[in-house]
There are 2 protein chains.
Amino acid sequence: MVYRVGLLGLGTVGTGVVQILQRPGHPLLRAVDIGAVGVRSLDKPREVQIPPERLTTDLERIVSDPEIDIVIELLGGLEPARSLILKAIDHGKQVITANKAVIARYGAEIFQAAAQAKVSVLLEAAVAGGIPILQPLQQSLRANHLQAVWGIINGTTNFILSQMTQEGISFEEALAIAQARGYAEADPSADVEGWDAADKIAILASLAFGLPVEREHIPCEGIRDISATDIRYAREWGFTFKLLAIAQSSPRAASSAGPSRLDIRVHPTLLPLTHPLASINGVDNAVLVQGDPLGQVVLSGPGAGRGPTASAVVGDLLTLIAHLQTGAQVPNPLLGFPPLLPFSAGGAEPPQLQVGIPLAELEAEFYVRVLAQDQPGVIGAIGTCFGNHRVSLESITQKECHREQAEIVILTHTVREADCQRAIAEIRQLPQVAGIPGLFRVLR
Amino acid sequence: MVYRVGLLGLGTVGTGVVQILQRPGHPLLRAVDIGAVGVRSLDKPREVQIPPERLTTDLERIVSDPEIDIVIELLGGLEPARSLILKAIDHGKQVITANKAVIARYGAEIFQAAAQAKVSVLLEAAVAGGIPILQPLQQSLRANHLQAVWGIINGTTNFILSQMTQEGISFEEALAIAQARGYAEADPSADVEGWDAADKIAILASLAFGLPVEREHIPCEGIRDISATDIRYAREWGFTFKLLAIAQSSPRAASSAGPSRLDIRVHPTLLPLTHPLASINGVDNAVLVQGDPLGQVVLSGPGAGRGPTASAVVGDLLTLIAHLQTGAQVPNPLLGFPPLLPFSAGGAEPPQLQVGIPLAELEAEFYVRVLAQDQPGVIGAIGTCFGNHRVSLESITQKECHREQAEIVILTHTVREADCQRAIAEIRQLPQVAGIPGLFRVLR
């Protein structure tokens, strides 16, 4: 049996997929025929040889072509990707996609459609590139009660932070290097504001915790405000800056009723240098999964790029072909998305988790850098403000003076964020204080 | 549909499996009924409640019971585990096992039998405990031409080496601590001699490289000869000691004919502190996989213990049940073992790899510690011996003197092991030399 693949998009990743299929590393891939490739321009020079009659600009035709068994969507962006995926499902095609933006926003719609049409939608490449993370969450780790998924899942920002740390340069300088190397786009907002990481943690969280996660419920802070100074001070105290995407179940206070909550967020974080995610540098990604009775596993590797992403796409293709060859009548239930599994069939309830916790309600340690006039009593005044809001301090240190200005760096104990924010607001009003350029969470 | 499980063994891991099944984290597990549990003694107090009529000492009956759909073998050891697995297959049962020793030795026999009977044999728990490694090698990473698998896959020895490094204690002292904590057995040979790691790398290699690996073809050196002194000197030069299990394809010299070779071995190794495996400490395991076009991924986490191992066993159970629920007629071909896949069906050849390379033919850098009389000229004499056998040196250092004895530590460049061994033999004959207590490979 030959499986006809329709490829939507022949950019970086699409080219990588064709390269693997033209030099297959696994015998099952010899059963694959690239039936059609949808591109924007027929004339563009290509790195791979595709018979001209199989190249087309008519993507609608590919997803409705009865000769095509499997559609691989590598267009990126929301439209026409979403519509083409839905139309492919409608025509009974199996679908593979690397499109985190579409899945993070329209995953429920897409997986509902796939369940009705009894086809699979696989997306290993959408999160953390070549690192196997979705299939392990769906299969090998699935016996666990998962408690937390922490990820460094945006290579661009990890590269920028690594450069800032290693070279002592500013965010702008590191961004320019990332752009020069092709790791960051001309408009880097989706990466540096944390939006890409938020798309990915939405997908990871919905898999890990078995419920739909609305992208808008994810508080998201980027890395633009991190300075070389903050990185240096953090280092002196044994911390490193990472843009973390976090999803973890958070039990409510015993006193309050209602379900547990899913704490999900993306923000720069100070991690101890001994933390398993602290040593993930450059464009690499890593995902830490904690579960009961598993404990912690960390999966790390290349989070983007042609080869790793194509490896994940073709891994999904192999998974699909193997499944189809068994004579299965329906998609593998583990490879769907949990919100669509028949919880009720086993008499089970869907998980009782309320998604999203306002940052103000969370607890963390905080790193704060205050610029103040170099006068006696300023440390006392700052300390008093924290005390007024029950923010207990681990240390408060005067670091440097420039032109009568002092830098005062504070590390708090674990406190409620709302309390810390109120103390910060009060400190901003102190006549000796010129500004608070650094305020970041510390996790361990 | 209810799936009846027959559990062979109710020790540490078996108890963990029952605990998960009695508090299932996934709705599919509610379809599992523990039909029978085979134990050695009916009277032993148990941590889990099993209806007495389901406990039996008659393991043969479980594997032939027509009511049982899935047999989970957690006995360990070669017999009766091997015979019971084969008999279960013979009776059409699906099989899950955590038994690396049986699979490393009788894997070919077992997977042949399973292919004939059209049942699956899953064994995620057999290698690296709770870390998802076999399924990723079988699925997500399978599109790659894999080049290397390096693993820290024995938690006992990793704990001992970590203790020796952190506390500066001897092998014997660290072993005693490991035994006191239950990480090492009274007879620790299988762990400290590297045999357990060799079983596991045999399994990883046969999956990664698609060919049967005979356990006897794996050169294996343990960690007994590593001293606190060697660990300290290695540290000074930026290296740490790890017991590495290695499987990598090694191209033949261009001049010689014949297939490429699979370099597979287990031995203590000096790794640079910056290596991704250098930071894996305590009883944790980690596996590094390198492939084309993937690059490198590292999967790390708890390599043993009740919870992690039970997590992997029940992950396999979920995988099996999901597969059976799809109406599949045959096992998933990706979840078998490659040597049994129909390579010929796609017109493909089985991989041309000759398994096993004598250590003498390999190349590495070497760390050598020589005890010699503290006399002028001894460094020159040692250097000359290395030069006689074309072993070029990166450094040769006199470290310490006790009672007219000097310790001389040498780091070579990359050389052929046979050349290094010949130089060592010559150095042993030098009148000034009292012994060579340390000789280890350095990999990067």
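I began at the strand pairing across the two chains: V298(A) stands opposite S300(B) in β11(B). I noted that β11(A) and β11(B), the latter residues 295-302, run antiparallel and are joined by three bridges. I took strands (E, at least two residues) and helices (H or I, at least four) as DSSP runs numbered from the N terminus, and two strands as paired if DSSP finds at least two bridges between them.

I recorded that this is a predicted model, in which local features need pLDDT of at least 70 and side-chain atom pairs count only at pLDDT 80 or more, while totals for chains, interfaces and linings use all residues. Residues are numbered from 1 along each chain as its sequence is written, chains are lettered from A in the order in which they are written, and side-chain values use heavy atoms, without hydrogens and water.

I next looked up the extent of the interface. In contact (heavy atoms within 4.5 Å) are 55 residues of chain A and 55 residues of chain B. The two chains bury about 4300 Å² between them, 63% of it on carbon and sulfur atoms; this is accessible area (1.4 Å probe) lost on being put together, summed over both. I found that S140(A), A143(A) and T326(A) supply 13% of the area that chain A buries against chain B, more than any other three residues.

I then turned to charged pairs. Between chain A and chain B I list two salt bridges, each a side-chain nitrogen of Lys or Arg within 4 Å of a carboxyl oxygen of Asp or Glu. One joins the side chains of R23(A) and D292(B) at 2.8 Å, N to O.
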